[in-house]
Amino acid sequence: MATLWGDILERFNKTSKQLQSVEIDLETVVCLYESLIRYVLDLRSMFDIYEERAINKSGHKTYL
């Protein structure tokens, strides 16, 4: 879970910093939000990848 949340929070933080720019225009805001939505939706299909990373880090294949 830490790996997944690390990736999510990193992306949200980068997007948030861009959204706080005083020179940002509305078109860029819409693109950033759409990109963030697609990113989160894509993550939903990557469960196996994150599970494998967790197994490699922890060395455990069972859930407690």
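In this predicted model, the axes of helices α1 and α2 come within 10 Å and cross at roughly 175°. An angle over 145 degrees counts as roughly antiparallel, and α1 and α2 are therefore roughly antiparallel to each other. From α1, the contact draws on L4, D7, I8, R11, F12, T15, Q18 and L19, and from α2 on V29, L32, Y33, S35, L36, Y39, V40 and L43. Sorted by class, the residues of this contact comprise 11 nonpolar, 3 polar and 2 charged.

T15 belongs to helix α1. With a relative accessible area of 6%, T15 is buried, because buried means under 20% relative accessible area. Apart from neighbours within four places in sequence, T15 is in contact with L32 and L36.

Helix α1, which spans residues 2-19, also packs against helix α3, residues 47-58. The angle here is about 125°, and the axes lie 9 Å apart. α1 and α3 are therefore oblique to each other. In this contact T3, L4 and D7 of α1 meet Y50, R53 and K57 of α3. The contact of α1 with α3 is made up of 2 nonpolar, 1 polar and 3 charged residues.

| Helix pair | Angle between axes | Axis distance | Orientation |
|---|---|---|---|
| α1 and α2 | roughly 175° | within 10 Å | roughly antiparallel |
| α1 and α3 | about 125° | 9 Å | oblique |

G6 is another residue of helix α1. Its relative accessible area is 36%, and G6 is therefore partly exposed. Although G6 and Y50 are 44 residues apart along the chain, their C-alpha atoms are separated by 11 Å. Y50 is also one of the α3 residues in the contact with α1.

The largest pocket holds about 450 Å³ of space. It is lined by 20 residues, of which M1, F47, Y50, E51 and A54 are the closest to its centre. Helices α1, α2 (26-44) and α3 are the elements that give two or more residues to this lining. The most comes from α3, with 7 residues. By class, the lining has 12 nonpolar, 4 polar and 4 charged residues.

Technical notes
Residues are numbered from 1 along each chain as its sequence is written. This is a predicted model: local features need pLDDT of at least 70, side-chain atom pairs count only at pLDDT 80 or more; totals for chains, interfaces and linings use all residues. Side-chain values use heavy atoms; hydrogens and water are left out. Axes are lines fitted to C-alpha atoms, for helices over the stretch in contact, and angles run from 0 to 180 degrees between N-to-C directions. Helices (H or I, at least four residues) and strands (E, at least two) are DSSP runs, numbered from the N terminus. Angles under 35 degrees count as roughly parallel, over 145 as roughly antiparallel, 65 to 115 as roughly perpendicular and the rest as oblique. Contact means heavy atoms within 4.5 Å. Ala, Val, Leu, Ile, Met, Phe, Trp, Tyr, Cys and Pro count as nonpolar, Asp, Glu, Lys and Arg as charged, and the others, Gly among them, as polar. On a 1 Å grid over the protein atoms alone, a cavity is a set of points where a 1.4 Å probe fits but cannot get out, and a pocket is an open set with protein on both sides within 12 Å along at least five of seven lines; lining residues have an atom within 4 Å of a point. Grid points are joined across faces, edges and corners, and a volume is the space filled by probe spheres set on the points. Buried means under 20% relative accessible area, exposed over 50%, partly exposed in between (1.4 Å probe, protein chains only).
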